[in-house]
Amino acid sequence: MGADALITSVHKALPGYSASALLLAQGKLLNLDRIEQSFETTHTTSPAGAPLASIDGCRALLQTRGDELITHLVKNVEDFKAKVQSNFDLPIFLNESDFAPGRFDPAKIVLRANQLGASGVEIERKLQAHNIRVEMADSDSVVFIATLADSIEEFEHLADVLTPILTSLQTTPRPTATSLSWSVVPTVAISMRDAYFADTEMVVAKDCVGRISADLIAPYPPGVAVVAPGEVLTSQILDGLATTKAAGVRIAYATDPTLSSYRVTKS
């Protein structure tokens with residue numbers, strides 16, 4: 001796509017160890033010597049050999065069998081989607097036609113729970129009862145990540161478990177709701193640094209409108225902050241976070257995860 005540098009993990013769709021990742025750089029715009037110097041300055045003096053070896057193992061696997069394995073992966077995903085979709089009238093998966101050219105990742109299976117009138121969080125809970133974990137879920141969607149290591153039998157098992165769950169939860173379709181993380185326009189009152197080091201206090205939620213947050217708070221998914229230290233807590237933020245939590249979405253990083261109170265800077 002023309003990027004001069006890219007950081008990518010090898011522990012999602014690829015079989016690398018957790019926390020293993022690559023920095024790929026061409027050096028057309030960035031100085032490769034400076035990148036190397038920066039890496040040497042900041043990385044640990046005691047690197048773990050196992051993740052590094054797993055990175056090289058992934059590289060070798062892609063070099064020798066990449067085309068074969070990725071072809072199988074894409075076909076397995078397409079067959080899985082077709083099998084589940086055949087039970088429903090409205091399209092319930094995001095597909096390549098929903099994205100701009102070059103933006104679609106076939107290894108991410110995005111189920112549109114809102115097309116079924118169902119809760120993605122509830123679908124996730126029912127799958128967990130069958131020992132199936134998903135990458136993430138919110139009110140409107142469930143995201144599965146398929147990997148090179150997943151077999152045809154595992155895709156078929158997921159389809160066999162998922163289909164009756166979706167059928168049992170299906171109601172009236174609803175429009176996709178914009179995540180709170182994307183709809184809030186922040187109002188910055190003081191710098192993040194000043195808020196981080198300020199004297200703070202816990203205040204009940206109903207009294208927090210207009211107060212300055214000392215916490216970073218993010219629903220997960222999408223894992224993007226709704227409010228950061230130094231930003232003003234508004235009714236939109238407080239009501240939106242409460243609604244998001246009530247829908248079953250996990251709220252990350254808040255001092256009080258119940259959201260009955262917020263950590264704010266002292267007036």
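**View 1. Asp 140 and its partner Arg 174.** The side chains of Asp 140 and Arg 174 make a polar contact at 3.1 Å (a pair of N or O atoms within 3.5 Å; within protein, one must be able to donate a hydrogen and the other to accept it, and residues adjacent in sequence count only if both atoms are side-chain atoms). Asp 140 sits in the loop between strand 4 (136-137) and strand 5 (141-145), with helices (H or I, at least four residues) and strands (E, at least two) taken as DSSP runs numbered from the N terminus. At a relative accessible area of 10%, Asp 140 is buried (under 20%; exposed is over 50%, partly exposed in between, with a 1.4 Å probe and protein chains only).

This is a predicted model, so to speak a calculated one: local features need pLDDT of at least 70, side-chain atom pairs count only at pLDDT 80 or more, and totals for chains, interfaces and linings use all residues. Residues are numbered from 1 along each chain as its sequence is written, and side-chain values use heavy atoms, leaving out hydrogens and water.

View 2. A salt bridge would need a side-chain nitrogen of Lys or Arg within 4 Å of a carboxyl oxygen of Asp or Glu. What Asp 4 does have is a side-chain polar atom 2.7 Å from the backbone nitrogen of Leu 30.

**View 3. Lys 83 and Asp 160, bridging two helices.** These two side chains meet in a salt bridge (3.1 Å, N to O). Lys 83 belongs to helix 2 (residues 49-85) and Asp 160 to helix 4 (residues 152-169), so the pair ties together parts 77 residues apart in sequence. Lys 83 is partly exposed at 38% relative accessibility, and Asp 160 is partly exposed at 48%.

View 4. Arg 125 pairs with Glu 122, with the closest N and O atoms 3.7 Å apart. Both lie in helix 3 (residues 120-128), three residues apart, about one turn of the helix. Lys 126 joins Glu 122 and Arg 125 in a network of salt bridges.
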